[in-house]
Amino acid sequence: MHLDVRNVSKRFGSKAAVERMSFTLDGSGFVGIIGRSGAGKSTFLRMLNRLTDATEGEILADGKDILKLRGAEKRAWQSQCAMVFQQFNLVPRMDVASNVLHGLLGRRPMMATLFNLWSEDDIARALAILDRLGIAEQAPKRAEALSGGQQQRVAIARALMQDPEIILADEPIASLDPMNAQIVMDTLKRINVEDGRMVIANLHTLDTARRYCDRVIGMRDGRVVFDGTPEQLTRGAARDIYGADASFSESATSTDLGALQPDDQYAAALLGD
Amino acid sequence: MHLDVRNVSKRFGSKAAVERMSFTLDGSGFVGIIGRSGAGKSTFLRMLNRLTDATEGEILADGKDILKLRGAEKRAWQSQCAMVFQQFNLVPRMDVASNVLHGLLGRRPMMATLFNLWSEDDIARALAILDRLGIAEQAPKRAEALSGGQQQRVAIARALMQDPEIILADEPIASLDPMNAQIVMDTLKRINVEDGRMVIANLHTLDTARRYCDRVIGMRDGRVVFDGTPEQLTRGAARDIYGADASFSESATSTDLGALQPDDQYAAALLGD
Amino acid sequence: EGITQFNIGILGGENAQDRLNSNECLRKYTEEALGVPVKLFAPADYDGVIQGLLGGTIDMAWLGASGYAKVYLTDADAVEPVLVKANLDGSYTYHSIGFARQDSGITKLADIKGKSFGFGDPNSTSGYLIPSVEIPQATGHSMESGEYFGEVKFTGGHEQTIVAVNNGDIDAGVTWADGQGNWEDGYNSGALRKAVDAGLVDMNDLVEIWRSKPIPEGPIVLRKVLPEDVRAKMTALVGGLKEKDADCAYGVAAGETAGFVPITHDYYETIIEVRRQKIASGS
Amino acid sequence: MTAAAISAVPDLHQMVSRKFRHRKWRAMAVPALIAAYLAYVFFAFDLPGLMSRARPENAAILLGDFWSYKTHVTRDNRSGEVVSAIEGERKGEYPPGQAPDWVSLGEVTRIALPDGSEVLFLEDGSARLDIAGYGVMALALAGRTIELNLPPGTDKPEWLSQSKNRVSINRGGWRFAMTPSKTEVFRYQIGWELFFFTLDSPFHGRSLPELAALALWQPRLDPALPNAAAMARDFWTNAMWRHGEVAWAMFETVLMAFLGTMGAGLIALPLAFFAASNFAPARALRFALRRLFDFLRGVDGLIWTVILSRAFGPGPMTGALAILLTDTGTFGKTFSEALENIDAKQVEGVQSTGAHAVQQMRFGVIPQVAPVILSQLLYYLESNTRSATVIGALVGGGIGLLLTQAIITQKDWEEVCYYMVLVVLTVMAMDSLSGWIRRRFIKG
Amino acid sequence: MTLANAALANETASYLAHVRRKRLYGGALLALFALLMLSGFKLANDRNAGGFWDGLHRIFDFPAEIFSEAFVNWRNLPGLFVKFVPSLIETLNIAAVSTLFGALAAAALALLSTRGLSLWPRLTPLFRRMMDVMRAIPEIVIALVLIFLLGGGPVPAMIAIAFHTTGALGKLFSEAAENADTKPVEGLASVGAGWAQRMWFGILPQVAPNWSSYALLRFEINIRASAILGFVGSGGIGYDLKTALQWGQGKYDAVVAIFALLFLTIMIVDHISDRARARLVKGERAA
Ligand SMILES: Nc1ncnc2c1ncn2[C@@H]1O[C@H](COP(=O)(O)OP(=O)(O)OP(=O)(O)O)[C@@H](O)[C@H]1O
Ligand SMILES: Nc1ncnc2c1ncn2[C@@H]1O[C@H](COP(=O)(O)OP(=O)(O)OP(=O)(O)O)[C@@H](O)[C@H]1O
Ligand SMILES: [Mg+2]
Ligand SMILES: [Mg+2]
């Protein structure tokens, strides 16, 4: 898959959320987009998935401008390009397997799906995917009954069910505790490596980006301000992206379990409040 | 005030929360009741205040069995024996002064109280009490707008409004940070010393008990297992009360500001969950 | 064109289920005669049946004279009177009777001046239409509340009027009776008689204070668009009911009757005129 | 405690006590306003007049009649024939020559009454009343006049009403009335007589063990039917209480409520999407729909009934349609509000897979609003069962017709009581049914 | 981490079984519902005097008749509006007073029937049943019985509506009270406050926004109910509407006037109470 982002902008009223963004992606890497809150990360992913319309620019996927797609073609693109959300965005009252099967909504005859009539094969595949993510035994439970980490894995399973070429993940671990965050990131990485699907993930911590990504794109105020390998992401570059002052400490954005050191000040702060 | 607790028990179904508890108190000491969660501390205080009926036994206050009181007599006893709760139990939507005046509900004509008809004297007294506890400026605010420590002082002010002979306090500082905990305990101690009112407080930390109490009663599984001065409360005695194994460390129960040391394990535990 | 079903509407006055039961025999005979399913309907007030006739969902009904006038004035082509119930003496009129409580001291219309007066149902001939025209002629004043009478209101029906007067809720009211027989029995037939039979009132407690001119009994009407043979069959059936099954005729007529005799629209011209005038006068 | 805080206290005191004074006034003003309004209403509703007109004795009649019945013993003064009938109805008539055990027929009819009084219908058409605690009274017919002889030396008691040709006596537990045409005694007794079987049923008057024995092993009374079936038939077709027809009427009422509520739900759900701000394709459409809902709701079901009866005539469907119209308005409003409150995340999640708009509704929206819709439907089903009672009276169907007619004709209060109990039980049953469904489908 | 092949097959089979069962139940339920609706509709249609399809095109006949007359006599309308205002006020009074009394009684019953708050915990089931029964009896029945006892007029309607309101609000009130925090109540109990004081200071401030929101909604419903009771002979504007509607031709202008008046009132009250309720509930959130 070759992705060519050309001068894409998105304006909400007069405010530009994404401003003339351009870059190209090739093959099946793990791409991390970092930047502070409001930088435009989510807006970009949402445009890529066509949840939001771009104001201008084009995104060529293997030469076709996906921003121009309409109706069935647009839905076909969405089903090739799965999305994983920070808040999981599952249907909490339906069971886990049904949520995973929603990944097929774009592909199966409408009437059958409306009555929840899935073929046995589809169901078997959904369970196999759940099994691959280690949560097959949760299949009959309601999604809302699961822990956050498990729900995110269900969301990934739904994405996999789409058998997509790209998986977009919008801060997939921001609502998770460090333990579950690691499981989810490992899962995404495994999918990236084992299946060769491209993953584009918005991340809000540097160390995660460093650890999992092949390529990191840094955004600030809707513009790309960094594009390189994790190694090139120095402390100085990070300061640039986050627009942080001298007090900027990487560990404040850390969720890595290993990175945890005794920190008097931190404990005191926690206790003091 | 002479308090004689004789074989008091309380059973919930088949489970005994308090089991044949007996001891006597005289004069106006500061008594601490300690014991681990579920030991029956709250249940005992609630029986003493007649919020819960005892299953058997008697409690003689100056010779009268207060467990037998009914109706108006019971309410009269309650108004002599004020209670301070862990969660403050104020009326959050009413202002602080009204909450303090509620201490008089048992004494003023019902109709007048329902129409909020408090005499000027009563209001002046409520303000004086708030002033004594250092929160007079908060009088017109809603109780819910106050910090935890302030709310607990309002609760103590309500107790003082009752002009009680005994103040019962059920883990008065458990929901407070160490700073506020100290203010509240100091306040209770001052009232104990200056006014000569007996204070019985459930406490969940040993050091607080040691620091403020004249006498400590230890409970375990509904029974009194220790009764003595703070000096007599050795580490061994504490292990007995808490039923702790060798790893028992006093500081785990500490809320003393001075006692706070960097504690890797603690911080890790807080973060890990 | 033929018909596929035939609906008969019956009017209020007694317990709904009793009404349906006493008309059940008529339903059976009609089914035999027409060979189509026949249904009975007994809505709680006059208007239900009238709307049914106007809308064409009810094919036959026994209306009050005023009710017929209302149907005629709304749509002159809707229904046609065919038969009327005859009293035992062969007459087919009755009276609107004004009455009051004995202990109220009221004995004539003039005594109610400034007091309260009750009509029954606005679509009732004897309970509203006729007295609302004849009483003003007698008193020389309109029937507006406060003009001559203190208050004028509708009680909802004959039974309610009787009970309201008996209870003293209103000082006087009107209802219907054949005017034959004795006052203390509530006359031979009519709402008063029914109330006495039911033990609701003691006629000793009531006095008659006014009586209208004879009022024509309401007609049995058939919808005009019904096929000729259906109308003929139904007219013959009801007309011959007394000979065919006297018990059934007693039930359908709600009392003793000499049978149902033919009648035409002309007989109701006066009533229609009265109603037309009332409409014109805007009250 | 700082010095500044202490010096602030007197100020504070003033401020707080002003606040309390303020509150005191408000606390007094609200009840005072309410009291003033109630005083106005007291006169607007003419309560003094009402009290003078109230008929407490009617309450006694009504309450007594709720759980008692009366038996008429009537002599036709022309033919001399004596008939006993329960509630004076033909259906409750004792067969000729038979009577309740407290009536002895013969040349002279003797009627024993509960307070120890006795009434005799004498051969010559006159009557003798031996009234307990009062004395003996004789009544005779002279042409069209009734001659009344009181015991010597007594005044006319207040429970006696007399005119030239009617005498009536009301002694609470029984009444007596004589006119030239007939002489009647009414005796009140506790119970719903003939509730199970009428007099013509072979099962009438049998005790429970007897009935059980008959049902289970004793020989058939009616050779054509097993006893149990015959009992069921006699009960179901009971001419006095008409259980079969009443059950049918009750069913018809529930049917109207069911059709109306569910039909309204089916219509309102799609419309609600067009009226919800987050789904409406056009503001104008949304506005128009909202006003339509307001209109449908604002016109009560009863008025819809009147309007619809021209088009559809009387009958249960007219009632169901009236309920349907009103509830379409109600549901349109509540459903669209529920739709406006949904969580967009779920829709987005479904949308991101490439789902069609209809699929987004089905999986992103419906699961969220289903609980609200279901509980609304159930709540209104219950409440409409009550409304259908009233509407039924107008369209001539259902328990409502029976109930209102029984009340308006004011004679069979025990029937009113029976119907009321039925309605209440039905509504309560629907209440618990809906509670069960709610637990099963919403919480589960 | 993943299951062995056999285990997965097992899991899949059991989930498939679960799906089949659900489909069966779901399908059966849907079929049952469809069957009930269709047969119910057919039954009702058969028992109706006129059929649904036959009548559908005549649905506007009656409204057209009414409005055409009112249109001709439009000059009468202003006068008619004024004429019926007193009845409208009576209807509003009935609704207001019955909501007031109903809400007061409901508050008492609700507190008495809420677990943990009741003055007599043993009697809570009794109070609950009482509310169920009060809710279940149709207002019209009570009104008709009371008309027999008290004679016509607004009072029977008022009592009937208040009675029903008590049951309906009682249930909602007690649900709200159940969710209230009991800590303040306990705090008040500890100072020796009586039951009334505990409820007044401990519960009422918490439930007041919800309760008043429910009461407002009830007021709205009760306006309609009191208009309807007028329809069966219990005073107010419903009585005027019924008389005019029954008389028919010649009074259709009055019908339109009353109707417009009533409808307008309902709309206005609806609107005001909608806003007031939104404020009440939002205010609660803000606090
Ligand atoms: N629907 C919208 N309407 C108006 N402004 C929006 C909308 N969505 C996003 N924005 C604005 O666009 C900018 C970029 O938002 P975006 O959500 O893409 O940032 P982000 O990098 O994902 O931040 P975060 O880490 O908080 O999720 C922000 O300033 C935001 O306020
Ligand atoms: N209302 C109740 N119903 C049933 N069991 C109860 C009830 N209240 C308390 N218990 C039980 O009684 C025992 C004693 O409880 P109590 O609250 O007195 O303990 P405690 O020493 O105050 O503990 P903590 O420190 O957690 O407050 C516990 O096992 C508790 O589960
Ligand atoms: Mg974002
Ligand atoms: Mg405790």
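This is a predicted model: local features need pLDDT of at least 70, side-chain atom pairs count only at pLDDT 80 or more; totals for chains, interfaces and linings use all residues.
Taken alone, ligand 1 exposes 630 Å², of which the protein buries 60%; accessible areas come from the Shrake-Rupley method with a 1.4 Å probe, and for residues only the protein chains shown count as cover. The residues around the ligand (one heavy atom within 4 Å) include Phe12(A), Lys15(A), Arg36(A), Lys41(A), Ser42(A), Thr43(A) and Glu171(A). Helix 1 of chain A gives the most to this shell, with three residues, and the elements that give two or more are strand 2 (15-26) and helix 1 (41-48) of chain A; helices (H or I, at least four residues) and strands (E, at least two) are DSSP runs numbered from the N terminus. By class, the shell has three nonpolar, five polar and four charged residues, with Ala, Val, Leu, Ile, Met, Phe, Trp, Tyr, Cys and Pro counted as nonpolar, Asp, Glu, Lys and Arg as charged, and the others, Gly among them, as polar.

Turning to chains D and E, 63 residues of chain D are in contact (heavy atoms within 4.5 Å) with 63 residues of chain E. The two chains bury about 5600 Å² between them, 75% of it on carbon and sulfur atoms, buried area being the accessible area (1.4 Å probe) that two parts lose on being put together, summed over both. Phe45(D), Arg310(D) and Met317(D) supply 12% of the area that chain D buries against chain E, more than any other three residues.

Arg310(D) also forms a salt bridge with Glu65(E), the closest N and O atoms being 2.8 Å apart; the count between these chains is six salt bridges, each a side-chain nitrogen of Lys or Arg within 4 Å of a carboxyl oxygen of Asp or Glu. Helix 6 (residues 243-275) of chain D contributes nine residues, the largest share of the side of chain D that touches chain E, and the residues of that side divide into 43 nonpolar, nine polar and 11 charged.

Residues are numbered from 1 along each chain as its sequence is written, while chains are lettered from A and ligands numbered from 1 in the order in which they are written. Local features need pLDDT of at least 70 and side-chain atom pairs count only at pLDDT 80 or more, whereas totals for chains, interfaces and linings use all residues, and side-chain values use heavy atoms, with hydrogens and water left out.
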